[in-house]
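Keep the sequence and the 3D view side by side as you read.

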Amino acid sequence: MKSPILTLSLALILSAAPTLASAHAHAEVQDGDGLKNTHQLSTTDAQSQQAQIDHLQVENAYVKATIPGIKVSSGYMKMTNTGESPIRIVAVETSAAKHAEIHRMFMRDSKMAMRKVDSIEIQPKQTFELTPGGFHLMFMGVAQQFKANESISLTLIEEGGSRHSINMPIVKE
Ligand SMILES: [Cu+2]
């Protein structure tokens, strides 16, 4: 029932970068044709590792395009924990900006403000959405202008060190 979404998420992860193999703790799962079709827990090592990767499923990831001279952008996505234990994202990394942080919008004196947060936790079987006006990723010191129809790659880092590389298309506001 969840197959189409999982397939999409896996495609996003796999398209992210050839560096996935070195960046990801579960690099072995890149081997084999079964990768695209098999998402259930199974008896083989390769497949159970692959299931682990799938525990964090990312959809609809995007960052906002920037205009020349503006070095700040923000990013959004929908993350689903398909596993049995909580996933805590403690950092994000990208070579596209000097600093990448997890932020949260909040009201202060009836105005919207934002602050950095240390982590976000996604409970088992829950979806956590980064949205304009809510939690989001903040990019400061954008290295090169974020141009619509291009993309940046981003690595989500879990507590414990697991890394998930994703591709974030750049979208014009
Ligand atoms: Cu922010």
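**A walk through the strands**

Gly75 is buried, because 27 other C-beta atoms lie within 10 Å. A residue counts as buried if 20 or more other C-beta atoms lie within 10 Å of its own, as exposed if 12 or fewer do, and as partly exposed in between, with the C-beta atoms placed from the backbone. You will find Gly75 in strand β2, which covers residues 72-81. Its contacts, leaving aside neighbours within four places in sequence, are Tyr62, Val63, His136, Leu137, Phe139 and Met168. Here, two residues are in contact if their C-beta atoms, placed from the backbone, lie within 7 Å. Phe139 sits 64 residues away from Gly75 along the chain, yet their C-alpha atoms are separated by 7.8 Å.

Before going further, a word on what you are looking at. This is a predicted model, in which local features need pLDDT of at least 70 and side-chain atom pairs count only at pLDDT 80 or more, while totals for chains, interfaces and linings use all residues. Residues are numbered from 1 along each chain as its sequence is written. The pLDDT is the predictor's confidence in each residue, from 0 to 100. The protein averages a pLDDT of 78, and 69% of the residues score at least 70. Over residues 1-52, though, the pLDDT is below 50, and this stretch has 64 contacts in the model beyond near neighbours in sequence.

Now for the overall layout. The protein has 3 helices and 10 strands, where helices (H or I, at least four residues) and strands (E, at least two) are DSSP runs, numbered from the N terminus. Of the 173 residues, 28% count as buried. Among contacts with a separation of 6 or more, 66% are accounted for by residues 24 or more positions apart.

Back to β2, then, and its link to strand β8 (residues 135-142): the two run antiparallel and are joined by 4 bridges. Two strands pair if DSSP finds at least two bridges between them. Within this pairing, Ser73 has Phe139 of β8 as its bridge partner. Strand β8 also runs antiparallel to strand β4 (residues 97-108), with 7 bridges joining them. In that pairing Phe139 turns up again, this time with Ala100 standing opposite.

What about the loop between β2 and β3? Glu84 lies there. Glu84 counts as exposed, because it has 8 C-beta neighbours inside 10 Å. Glu84 and Gln123 are 39 residues apart in sequence, with their C-alpha atoms 8.4 Å apart in space.

Look for Arg88, which stands opposite Glu121 in β6. Strand β3 pairs with strand β9 (residues 151-158) too, again in the antiparallel sense, over 4 bridges. There, Ile89 has Glu158 of β9 as its bridge partner.

Our last stop is Ser165, in strand β10 (residues 163-171). Is Ser165 buried or exposed? Ser165 is buried, because 21 other C-beta atoms lie within 10 Å. Thr155 is 10 residues away from Ser165 in sequence, and 4.2 Å away in space, C-alpha to C-alpha.
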